[in-house]
Amino acid sequence: MKNKKAIFYISFFMILGIAFIGYVFPKIRDNQNKQPVLPVIGNDQNHHISPFSFTNQEGKTITNDDVKGKVCVVEYFFATCKGMCPKMNENMEKVYKAFQGNKNVLILSHTVDPIRDTVQALKAYSLRFDADPTQWMFLTGDKKQLYDMARYSYLISADDDTAGVSIDKDFIHDKHYVLIDGYGRVRGFYDGLDQASVTKLISDINALLKEKNP
């Protein structure tokens, strides 16, 4: 009789334990899946890039609607730059080739010199990298909007070098790439001159592509 009771209690608690594990573990897994793989950057969780309208190297108007739902890599440069821009875009080409043909990944290269960087100038510059204009966009437009997007949306710097101390002589711009998710949120900054940072960017893009919707 005692053996039967012992077997009953053991069986009962085993079943209870299995039921508990079956209930708790999926919830733990679901909570883990809900955690973002990368932080959301900004003054608050509601920071998103502002609406914009620029022109790409094909003369096509590109707005925030064209990048909605896409993972974007953002940079600032100018075509006549002899300083860090060539190296930044050589490294950006590695990012481009890693996702070439993937329409869920876009590269937005904004000029800080819209007067000289005309559509024609940006088209000629883009040919150095055999850039598909539907995936790697070289953007020009209103100078104030270009600079405001850098400062207030992408949280990097772009400005005239009024003191004349910039390595590029004419303009100050940030050496960092900015990673933007499909919801227009800043998710990371990467040193465009550092290969290890570029490699991490490629890894983080892959992570964002697998991230579940918030």
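**Close-up views of a predicted model**

View 1. Asp 142 caps the N-terminal end of α5, where one of its side-chain oxygens lies 3.2 Å from the backbone nitrogen of Lys 144. Such a polar contact is a pair of N or O atoms within 3.5 Å, and within protein one must be able to donate a hydrogen and the other to accept it, while residues adjacent in sequence count only if both atoms are side-chain atoms. This is a predicted model, in which local features need pLDDT of at least 70 and side-chain atom pairs count only at pLDDT 80 or more, whereas totals for chains, interfaces and linings use all residues. Residues are numbered from 1 along each chain as its sequence is written, and side-chain values use heavy atoms, with hydrogens and water left out. Helices (H or I, at least four residues) and strands (E, at least two) are DSSP runs, numbered from the N terminus. The buried residues of α5 are Leu 146, Tyr 147, Met 149, Ala 150 and Ser 153, where buried means under 20% relative accessible area, exposed means over 50%, and partly exposed lies in between (1.4 Å probe, protein chains only). Just after this helix, Leu 155 takes a positive phi of about 60°.

**View 2. Ser 153 and His 47.** Ser 153 belongs to helix α5, which spans residues 143-153, and its relative accessible area of 1% is why Ser 153 counts as buried. His 47 lies in the loop between α1 (2-34) and β1 (53-55), and it too counts as buried, at 14% relative accessibility. A polar atom of the His 47 side chain lies 2.9 Å from the backbone oxygen of Ser 153. If residues up to four places away in sequence are not counted, Ser 153 touches His 47, Ile 49, Ser 50, Asp 148 and Val 186, a contact being heavy atoms within 4.5 Å. With its neighbours within four places left aside, His 47 is in contact with residues including Ile 41, Tyr 152, Leu 155 and Arg 185.

View 3. Tyr 154 and Phe 189 are 35 residues apart along the chain, and their C-alpha atoms are separated by 9.5 Å.

View 4. Five strands form an open sheet in the order β5-β4-β3-β8-β9, and the pairing is mixed; two strands pair if DSSP finds at least two bridges between them. The edge strands are β5 and β9 (186-191), each of which pairs on one side only. Strand β4 (residues 105-111) pairs with β5 in the parallel sense over 4 bridges, and the bridge partner of Ser 109 in β5 is Phe 138. Strand β8 (residues 176-180) pairs with β9 in the antiparallel sense over 5 bridges, with His 176 standing opposite Asp 191 in β9. Helix α5 lies across β3, β4, β5 and β9, running at about 120° to β3, where axes are lines fitted to C-alpha atoms, for helices over the stretch in contact, and angles run from 0 to 180 degrees between N-to-C directions.

View 5. The side chain of Gln 135 reaches the backbone nitrogen of Gly 101 at 2.9 Å. The C-alpha atoms of Gln 135 and Leu 106, which are 29 residues apart along the chain, are separated by 4.9 Å.
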